[in-house]
Amino acid sequence: MPRTVRRLLACVTAGALWAGVPALVAVTADVTVTATPAAALDNGLALTPPMGFNDWNAFGCDVDEQLIKQTADYFVSSGLKDAGYTYVNIDDCWQTHQRDAQGRLVPDPVKFPDGIKGTADYVHSKGLKLGIYEDAGTATCAGYPGSLGHETTDAQTFADWGVDYLKYDNCNNNSDGSREDYVKRYTAMRDALAATGRPIVYSLCEWGVQSPWEWAGDVGNSWRTTGDISDNWSSMLSIAQSNMPLAPAAGPGHWNDPDMLEVGNGGMTDTEYRSHFSLWSMMDSPLLIGTDLRKATPETLSILSNKDVIALDQDRLGKQATVLSSDGGRYVLTKPLANGDRAVALFNAGDQAQRISTTATAAGLARRGTYAVRDLWSHTAYNSAGTLAATVPAHGTVLLRVSGSAVAGAASLLDPPLLDAGLAPASGAVEPGQGGTVRTYATDLGVLPAGKVSVALKGPDGWSVTPQGSTGSALLAKGRTLSTTWKVTAPAGTGTGYYPLTGTVSYTGVPGRGRVTAPLSGSVLVAVAPPSGTNELSDLTWVSATNDWGPVEKDTSNGETAAGDGNPLTIGGTVYAKGLGTNAPSAVTYYLGGGCSALDSTVGVDDEKDGKGSVEFEIEADGRQVADSGVLHNADGPKQLHADVAGAQIVRLVVTDGGDGSDSDHADWAEPRLTCG
Ligand code: GLA
């Protein structure tokens with residue numbers, strides 16, 4: 001965006017003296033200079049996303065020199081350095097509370113007896129690089145001296161110490177909240193770093209407040225796109241979802257940063273950590289390990305050092321994955337790679353196993369007869385005729401690298417065909433103590449037959465799972481499916497809910513080349529259908545219930561925190577003895593088993609929030625909307641909803657926030673009644 005600047009001489013002189021001087025483009029007769037507003041960052045760094053470690057997620061303020069040195073040692077001894085991890089980064093709390101007499105920052109002498117300089121020397125002696133943390137405010141988030149107004153001194157101090165990476169935070173920023181102020185504060189440190197002449201990766205941490213993906217491409221090497229990550233599934237998922245649409249802003253030297261890794265910290269399963277690492281790599285995110293590596297399990301180490309996955313993150317083309325589809329939590333992401341391959345992530349954000357599929361051409365590859373496909377977590381090579389599909393466990397990711405080369409495609413004929421195997425979605429449920437049936441399928445997606453195919457399936461301990469037909473096929477031709485029916489019995493007393501069934505499909509490709517065994521997963525619903533007659537919904541056991549604040553309550557309103565903390569359900573002055581108290585967004589699911597005809601409920605916003613709140617009630621039968629209240633406010637009072645649920649297996653009671661956030665959205669289903677039989 002060109003800017004007109006008067007006072008030609010003063011400007012040119014100042015500009016020439018200014019490191020990282022902007023291009024002075026045109027000089028006209030009426031002494032007008034047109035200049036680009038900001039110097040390009042152009043520090044030649046982070047041509048692929050930075051990889052390393054940062055202490056914050058695992059240690060908070062508990063950082064010291066020993067931890068940094070031991071982490072550097074561990075990078076070398078564990079092979080993580082060879083896998084590409086380079087930066088050992090110190091986060092907040094490394095300083096004392098006062099600058100020295102010369103105005104310079106002072107490392108805490110107890111935590112860092114050798115200073116940052118001595119620590120950096122040690123890290124450098126291992127062939128690694130050192131990162132540090134500061135803040136574009138008067139104090140860091142933990143209250144240590146900030147760099148606002150001290151940019152030149154602090155950048156020079158970091159350079160003198162041998163720092164190679166700066167994470168620059170946003171607490172205590174004295175900001176008027178304008179974008180101009182953000183650009184100014186972050187640009188000041190960029191220019192101060194540039195003026196030192198030392199290559200220092202510059203990592204902006206303004207939490208996405210001013211949409212840095214729109215302006216920071218020439219300010220920082222990366223920018224945080226969201227608030228802080230926590231070590232749990234919903235935090236990781238929501239950060240991933242916020243970061244996904246920002247792909248166009250990322251590229252060599254300037255990356256979206258969805259925050260540091262939580263892999264290994266214990267708040268997610270290994271399946272979830274593999275998804276976390278898969279998504280961060282697909283999204284060209286900085287890969288900054290955030291766990292105590294000295295205590296890492298072999299599984300944590302194997303996730304973090306998966307070179308096939310790291311190669312996606314570090315691919316020199318530097319194109320962040322884009323989302324091809326995401327219906328029902330079934331995400332397909334695709335990422336072009338420098339050698340013409342495409343990475344494809346089949347990511348299941350849902351709480352049950354789901355089949356996710358796409359094709360090589362949809363992922364951006366040219367149409368061919370055969371594609372070489374590599375599963376980057378199982379490290380198995382396959383061929384595919386074009387369809388890419390898998391049944392992905394809840395919260396899991398199948399990560400594929402699909403070759404764009406015809407030669408690789410032809411060579412892959414020696415590999416086994418890709419099989420699409422799983423449990424067919426069942427419409428009904430299995431009643432505890434009584435048998436139900438499920439069906440497995442295994443379809444040859446390759447170009448040649450699969451040989452000696454055999455399917456195995458088991459349930460949780462105490463279940464019986466027995467095949468009702470053939471579990472094998474001597475030769476499964478291209479495109480054909482081996483379908484097997486199984487009798488499944490859950491022990492009497494099994495509670496309502498979804499239970500995983502796990503199995504394998506095992507087969508050969510070209511005779512004489514080894515056998516592959518791939519997982520086959522799915523889940524089955526255990527539930528009892530409601531009895532004939534009129535049922536108060538709040539007396540039945542739901543299959544699942546999600547809610548924004550606190551749990552869904554039976555027969556009271558939603559009290560926002562603990563179970564049982566609500567009040568009597570009250571809409572427009574009328575109190576209801578029975579019902580469900582929710583806080584939008586919410587969804588409660590019941591199993592009907594096909595034997596019910598109608599669901600009737602009074603709905604409305606509870607009186608307890610003094611007239612606030614706006615919500616919309618919807619009823620779905622087997623995924624189809626059968627009732628909708630429209631947006632309701634407390635002033636609308638109680639409204640009657642009727643839904644025809646004839647023949648439905650599942651009914652879902654949904655409340656949305658009415659489109660304006662969930663503040664005070666206490667949504668009551670008052671006297672919801674189900675007519676069955
Ligand atoms: C902010 C940042 C975190 C961490 C802390 C340190 O919250 O977003 O990543 O650096 O400050 O105080």
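A residue counts as buried when its relative accessible area is under 20%. By that cut-off, 54% of the 677 residues in this chain are buried. The model is a predicted one.

Start with the whole chain. Its C-alpha atoms fill a box of roughly 90 × 75 × 60 Å along the principal axes. The secondary structure comes to 11 helices and 40 strands. Of the contacts with a separation of 6 or more, 71% join residues 24 or more positions apart. The chain exposes about 26,700 Å², and carbon and sulfur atoms supply 52% of that area.

Next, confidence. The mean pLDDT of the chain is 93, and 94% of the residues reach 70 or more. Strand β11, residues 287-289, has the highest confidence, at 99. Helix α1, residues 8-17, has the lowest, at a mean of 29. Over residues 1-39 pLDDT stays under 50. For that stretch the model has 44 contacts beyond four places in sequence.

Now turn to the ligand. Which residues surround it? The shell consists of W56, D91, D92, Y133, C141, K167, D169, C205, W207, R224 and D228. Five of the shell residues are nonpolar, none is polar and six are charged. R224 places a polar side-chain atom 3.3 Å from an oxygen atom of the ligand. Taken alone, the ligand exposes 310 Å², of which the protein buries 92%.

Helix α5 spans residues 151-161. Its buried residues are E151, D154, A155, T157, F158, A159 and W161. What do they pack against? Their partners are helices α4 (115-125) and α6 (179-196), together with strands β6 (129-135) and β7 (165-169). Y133, within the span of β6, belongs to the ligand shell. K167 and D169, within the span of β7, belong to the shell too. Just after α5, G162 takes a positive phi of about 90°.

Is G149 buried or exposed? G149 has a relative accessible area of 65%, so it counts as exposed. G396 is 247 residues away from G149 along the chain, and their C-alpha atoms are separated by 46 Å.

Note on methods
Residues numbered from 1 in each chain as written. Predicted model: local features only at pLDDT ≥ 70, side-chain atom pairs only at ≥ 80, totals over all residues. Heavy atoms only, no water. Near = heavy atom within 4 Å. Polar contact = N/O pair within 3.5 Å; in protein donor to acceptor, adjacent residues only side chain to side chain. Areas by Shrake-Rupley, 256 points an atom, 1.4 Å probe, with all protein chains shown as cover. Nonpolar A, V, L, I, M, F, W, Y, C, P; charged D, E, K, R; others polar. Buried < 20%, exposed > 50% of the residue type's maximum accessible area, 1.4 Å probe, protein only. Helix = DSSP H or I, 4+ residues; strand = E, 2+ residues; numbered from the N terminus. Contact = heavy atoms within 4.5 Å. pLDDT = per-residue confidence, 0-100.
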